Amino acid sequence: MEEKANLLHALKVRDFRLYWMALVAQVIGQHMFAFTLGWLAFEITGSQAQLGFIHLCGFVPQFALTLVGGVLADRIDARKLIGAAQINAAIAMIMVGVTAMLGVAQLWHLALGAFLWGLSAAIDEPARASFFPRLLPRTLLRSAVPLISTAFGSSRVIAPSIAGFLIAAAGAPVTFLLCAATISTMIAVLFLVRPAHGVTRPHGSLLNNFTESLRYIRANEVFARTIAVALLNAILAMGFIHMLPVFAKDVLQVDSRGLGLLASAVGVGALTAFLSYSRLQARLTPRNFMVGALTVYNAALIALAFSNWYWLSFCALLVAGLCHGYFVTCAQVLLQTLVEDHYRGRVMSVFALVWSLMFFSGFLLNTAGEWLGPRLALAGGAIIMLSYVWLSFARAASLRNLVLAPKSN
């Protein structure tokens, strides 16, 4: 009960509460946009390879610039970075929405929208990770981190289900424009919050700041192992969400409503993970929590890959969303709790590569699916991931007896 009370205490802080609500709306809007882009690309071209190309266009700027965004977040006012990123994202969403509404949308419009979205995310992700700890007392940070993790993780998987139903009910153009409206909430909230305290800004060149952060991560085996397994999982497995249009249409033979219901299973699983996280994390070590979650998550993806039954696929996605929510929340709580303040933006920017690599994973899995079929592509990535979890990550000595304890001021 103490852990749940702490979660409520974090939301009682006005600035953090406003920021958190805006964050939920913003992340939902962003990932509705990405999902709708993929759906429209597959509708226009009918090609799984072209669907993968759209995800690649979002991945390239996000992956290339996220680490730069982390360095900037430790040097520049994060509020300005977040605002600029959201304005750029809104422009991309409106541009794609208008072209789709006029009936002139082509693949290059969607590719440009994905590129601009990826550019925004590269700056926005690390800036937000650096910004929110300044909105509440340090004593509430461990309570706030699961809420932030939920806003990121749950919204990312809830968004496709909302997008699927909106596409069926109102069409892709309206969905794009609603995405722009949702992210505008963050722009408004940035004018309302006042960070309680600042952080020490690093000096020297951007390159020196970046290499210093990599040395810091490498010197801490817990950070290095946790980030490594998260990045590998992002590459090999997380792109499953971007294969759902293919599984829905070609394997299970359902329409956009059926697709939306499948995606909603992932969202329900993620929300369940948040609601039960506090109770489970009190009973399990971080190592056992993450190993168990990754094992069941990838096993569920293998079940999805070979399922011919709609409701079996639904259940597999429900379990995948649940276990992915557990893993991401545990990993982010671990990192945000143990990292030192002046490294926070840079360390979390490396972890934030998970979200850009998810789109690269969509490209890899869909491209492999074009040659091998979607079943073998998805199952192959999950099997490789399971092998790494048990042959490497689970054996890490630094994780076996780890107990979280926040850094003191």
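Mentor: A surface patch is built from residues with over 30% relative accessible area and no salt bridge, where like charges are joined within 9 Å and nonpolar side chains (Val, Leu, Ile, Met, Phe, Trp, Tyr) within 5 Å. Accessible areas come from the Shrake-Rupley method with a 1.4 Å probe, and for residues only the protein chains shown count as cover. This is a predicted model, in which local features need pLDDT of at least 70 and side-chain atom pairs count only at pLDDT 80 or more, while totals for chains, interfaces and linings use all residues. Residues are numbered from 1 along each chain as its sequence is written, and side-chain values use heavy atoms, with hydrogens and water left out.

Trainee: Which elements give two or more residues to the nonpolar patch?

Mentor: The patch covers about 660 Å² and is made by Ile94, Val98, Met101, Leu102, Val104, Val174, Leu177 and Leu178. Helices (H or I, at least four residues) and strands (E, at least two) are DSSP runs, numbered from the N terminus. Two or more patch residues come from each of α4 (78-101) and α7 (172-190).

Trainee: Is valine 98 buried, partly exposed or exposed?

Mentor: Valine 98 is found in helix α4. Buried means under 20% relative accessible area and exposed over 50%, with partly exposed in between (1.4 Å probe, protein chains only). Because its relative accessibility is 38%, valine 98 counts as partly exposed.

Trainee: How many salt bridges does the structure hold?

Mentor: A salt bridge is a side-chain nitrogen of Lys or Arg within 4 Å of a carboxyl oxygen of Asp or Glu. One of them joins arginine 14 and aspartate 15, with the closest N and O atoms 2.6 Å apart. The number of salt bridges in the structure is four.

Trainee: How many residues apart are lysine 249 and glutamate 43, which form a salt bridge?

Mentor: The closest N and O atoms of this salt bridge are 3.9 Å apart. Lysine 249 belongs to helix α10 (residues 244-251) and glutamate 43 to helix α2 (residues 14-45), so the pair links distant parts of the chain. Lysine 249 is partly exposed at 41%, and glutamate 43 is partly exposed at 43%.

Trainee: About how many helical turns separate arginine 128 and aspartate 124?

Mentor: These two residues form a salt bridge whose closest N and O atoms are 2.5 Å apart, and both are buried. Because they are four residues apart in helix α5, their separation is about one helical turn.

Trainee: What is the distance between the end C-alpha atoms of helix α13?

Mentor: Helix α13 (residues 310-338) has 29 residues, of which 23 are buried. The expected span is 1.5 Å times one less than the number of residues. That gives 42 Å, in agreement with the distance between the end C-alpha atoms, 42 Å.

Trainee: Which residues are closest to the centre of the second largest cavity?

Mentor: On a 1 Å grid over the protein atoms alone, a cavity is a set of points where a 1.4 Å probe fits but cannot get out, and lining residues have an atom within 4 Å of a point. At least two lining residues come from each of α5 (107-131), α6 (141-170), α13 and α14 (344-372). Of the 13 lining residues, the closest to the centre are Glu125, Ala129, Phe152, Gln332 and Met348.

Notes: 1 Å grid on protein atoms, 1.4 Å probe; cavity = no way out; pocket = protein on both sides within 12 Å on 5 of 7 lines; lining within 4 Å.
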